[in-house]
Amino acid sequence: MPNTSLRGWGRTAPTRANVVPVRSAADVTAALAAAGPRGVIARGLGRSYGDPAQNAGGTVLDMTGLDRIHSVDADSGRVVVDAGVSLDALMRAALPFGLWLPVLPGTRQVTVGGAIGADIHGKAHHVVGSFGNHVESLDLVTADGRAHTLTPSDDLFWATVGGMGLTGVVVRAVLVLHHVETAYFKVDTEQIDNLDELMARQSVDDEKYAETVSWFDAVSTGAQFGRGLLMRANHATLDELPPKLRARPLRFDAPQLLTVPDVFPPGLLNRLTGKLFSEVWYRKSPTKLGAIQNITQFLHPLDIVGEWNRGYGPRGFLQYQFVVPLERGDVVRGVLDRMHAAGQVSALNVLKRFGEGNRAPLSFPRPGWTLCVDIPVNDGLGPLCDELDELVLDAGGRHYLAKESRTTPEAIRRGYPRLDEWRKVRDAADPTGVFTSDMSRRLELTS
Amino acid sequence: MIDAVGNPQSVLVMGGTSEIGLAVVEAFASDRPLRVVLAARKSDRLGAAQARLEKLGCAVETIEFDATAPETHSEVVRAAFAGGDIDVALVAFGLLGDNEVAWTDVDAAVELAQVNYTAAVSVGVALGKRMTEQGHGAIVAFSSVAGERARRSNFVYGSTKAGMDAFYSGLTEALRPAGVHVTVVRPGFVHTRMTEGLSPAPLSTTPEAVAAITVDAVRHRRELVWAPGPLRFVMSALRHVPRPLFRRLPV
């Protein structure tokens, strides 16, 4: 009997699977040979919000034991890593060599395999693109149990980037990192009064910064609606560091202060607490240019608090993240207005402008505005999100599969017009449909 | 799959012409159209049920199901799962019968027992097996307050529901480790075809109201609900009333 209950970071929709720990490519091949009719999917650190790393009634490969960093080449920036290595571990290993992982999402607790499967992006997308852009080659074990080394000249490479683990199991990758002088950022923070100004401000000078993001308050109403912080940064050079940091400029300065206990009742995050949180977050950062911040302060403020997802209580939460073309920035406002009218609170709203996308048919980023909101699961959320889907899709937008947990197969078909192209490559690599997940069943990604 | 906000994609109704069963499907489908499998004997009513759900955008399949033939039930359930995973299965068939006939006529009594208890058990076993294999899913069993304490006026029906209720309450525990949620719904007097012509009991309700409670229970993964909710307290009191007094109550 499938014996482990699995769910995503949003803590919704648990299902049971037979979890098989993997320590080598040979383990993957053996697990594929032993797989039953419900198929196989790989799972890393479980940071996808929904169900892409669950496989009800089938086999789930726990990839976190496949975690060796094989080599780091300081000159070329080339690193050879197993798929189960976390971005956190990789950064800790690479920083002493002056190497920086160019694509970092909102958490470092993501495996390299997961980062490829979801083709993750970070605040530097407008400059460096997404994770797949920095993969020189990857080793993929396909349904027949054989390993293939793929490069960007292969269609299967690009079907695997953003392919949500449905082409095979990535076991190893060669990544190319960037050179940096320090592990710190020189950050310009601007406190801005409302959403329109925030978006206008965010639309200029983008090219001057390696990293850009804004956070805004969608709880306060009226003239304060969408007041927020525009945060932009470049890597600090050695000269820019204050003297006390200069002694160890490549120190990995990433504290975690506390872990949230698993005791929260539902409804803890409501309009009142959302408002308090918004107020504090807004006030904590007045406009300040050129501040030196560590990676946690600038990129990963939520990593200070471990297991913060527990704050949403037993019914869990979802993240709603979409991208719409740059000229349809009005949809951002439209979505927030609808949420507000429906009484849904999102304390954490993150807005970013994407640069060019890559060749991967299922890669999420494309030039446009991307908004990400956190919403606790409560009654009425389903119909509201269905309405938001229409706004997004009608504007030519789409959803991010790594965060998706409730939309329809039709919405994915509309948002990803190259889905059939991806399926063709996928089906050729996995003709009998060995690779499957709760997400692929729910969204009919595979035939 | 059941998604993050509790929407299923497919629902199986064992007893596919049941008014409560269809109301539950409609309540789920009001958020989003579903794939529906209706298992029932072929009849005009089944065709009408199919048409009613198709009008809501559901993709409906019907399969032949005879509650009095338990030896066929594994096969019926297998056929119901042939088109893909079943996210929610409703055990919604049952007979009320005429109590005065039922406790004096062997055939009538046995038919009630077979449909309401034996068939509910065989269907439950088959559903439990399938859902365990698929690693997820919810089973909803429609019991009755009549099973909570048998009354003189419908104790044959009540006794079958008592057995059925006990079986599914146990199945809730047995399937929990498999990640399969079983919800027992105990409605009171519901205005349906089954109760036509009977005088309604206090706290009587409608299929739509029972459906709303059921959908909410599935979304919250509740194990036991009453319809309407206050019946829980009424029955909890009635259960402990001494027999000489209970006999005199106008229930």
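The model is predicted. Chain A and chain B touch through 26 residues of chain A and 20 residues of chain B. By the distance rule for cysteine sulfurs, the count of disulfides over all chains is zero.

- The size of an interface is often given as the accessible area lost when the parts come together.
- For chain A and chain B, that buried area is about 1900 Å². Carbon and sulfur atoms give 56% of this area.
- Between chain A and chain B there are two salt bridges. One salt bridge joins D85(B) to R38(A), and the closest N and O atoms of that pair are 2.7 Å apart.
- The count of residue pairs in polar contact between chain A and chain B is 10, with both residues at pLDDT 80 or more.
- On the side of chain A that touches chain B, at least two residues each come from β2 (15-21), α11 (381-394) and α14 (438-442) of chain A. The largest share of that side, four residues, is supplied by α11(A).

**Helix α2 of chain B**

- An α-helix has 3.6 residues a turn, so residues three or four places apart point the same way.
- Helix α2 of chain B covers residues 44-54, and L46(B), A49(B) and L53(B) are buried in this helix. Looking down the axis of α2(B), one finds its buried residues within an arc of 60°, so they line one face of the helix.
- What do the buried residues of α2(B) pack against? Their partners are α1 (19-29), β2 (35-40) and β3 (59-64) of chain B.
- At the start of α2(B), S43(B) places a side-chain oxygen within 3.3 Å of the backbone nitrogen of R45(B).

- A40(B) belongs to strand β2 of chain B, and β2 is one of the elements that the buried residues of α2(B) pack against.
- A40(B) is buried, with a relative accessible area of 7%.
- Along the sequence, A40(B) and E64(B) are 24 residues apart, while in space their C-alpha atoms are 5.4 Å apart.
- Apart from neighbours within four places in sequence, A40(B) contacts G16(B), T17(B), L46(B), I63(B), E64(B) and F65(B). Among them, L46(B) is a buried residue of α2(B).

- In helix α8 of chain B, which runs over residues 231-238, L231(B), M235(B) and L238(B) are buried. Down the axis of α8(B), the buried residues fall within an arc of 60°, so they line one face of the helix.
- These buried residues of α8(B) pack against β6 (181-187), β7 (224-227) and α9 (243-248) of chain B.
- The loop between β7 and α8 of chain B contains P228(B). Is the peptide bond from A227(B) to P228(B) cis or trans? This bond is cis, with omega near -5°.

**A buried asparagine, N7(B)**

- N7(B) sits in the segment before β1 (10-14) of chain B.
- With a relative accessible area of 2%, N7(B) is buried.
- The side chains of N7(B) and R219(B) are joined by a polar contact of 2.8 Å.
- Not counting residues up to four places away in sequence, N7(B) touches M1(B), I2(B), D31(B), R32(B) and R219(B).

**Positive phi values in chain A**

- A13(A), a residue other than glycine, has a positive phi, near 45°. A13(A) lies in the loop between β1 (4-6) and β2 of chain A and is buried, with a relative accessible area of 15%.
- D119(A) is also not a glycine, and its phi is positive, near 40°. The loop between α3 (112-117) and α4 (125-128) of chain A holds D119(A). At 0% relative accessibility, D119(A) is buried.

**Cysteines**

- A disulfide is a covalent bond between the sulfur atoms of two cysteines.
- C372(A) is buried, with a relative accessible area of 7%. C58(B) is buried as well, with a relative accessible area of 6%.

Note on methods:
Residues numbered from 1 in each chain as written. Chains lettered and ligands numbered in written order. Predicted model: local features only at pLDDT ≥ 70, side-chain atom pairs only at ≥ 80, totals over all residues. Heavy atoms only, no water. Buried < 20%, exposed > 50% of the residue type's maximum accessible area, 1.4 Å probe, protein only. Arc of directions from axis to C-beta. Contact = heavy atoms within 4.5 Å. Disulfide = S-S within 2.5 Å. Buried area = accessible area lost by both parts, 1.4 Å probe. Salt bridge = Lys/Arg side-chain N within 4 Å of Asp/Glu carboxyl O. Polar contact = N/O pair within 3.5 Å; in protein donor to acceptor, adjacent residues only side chain to side chain.
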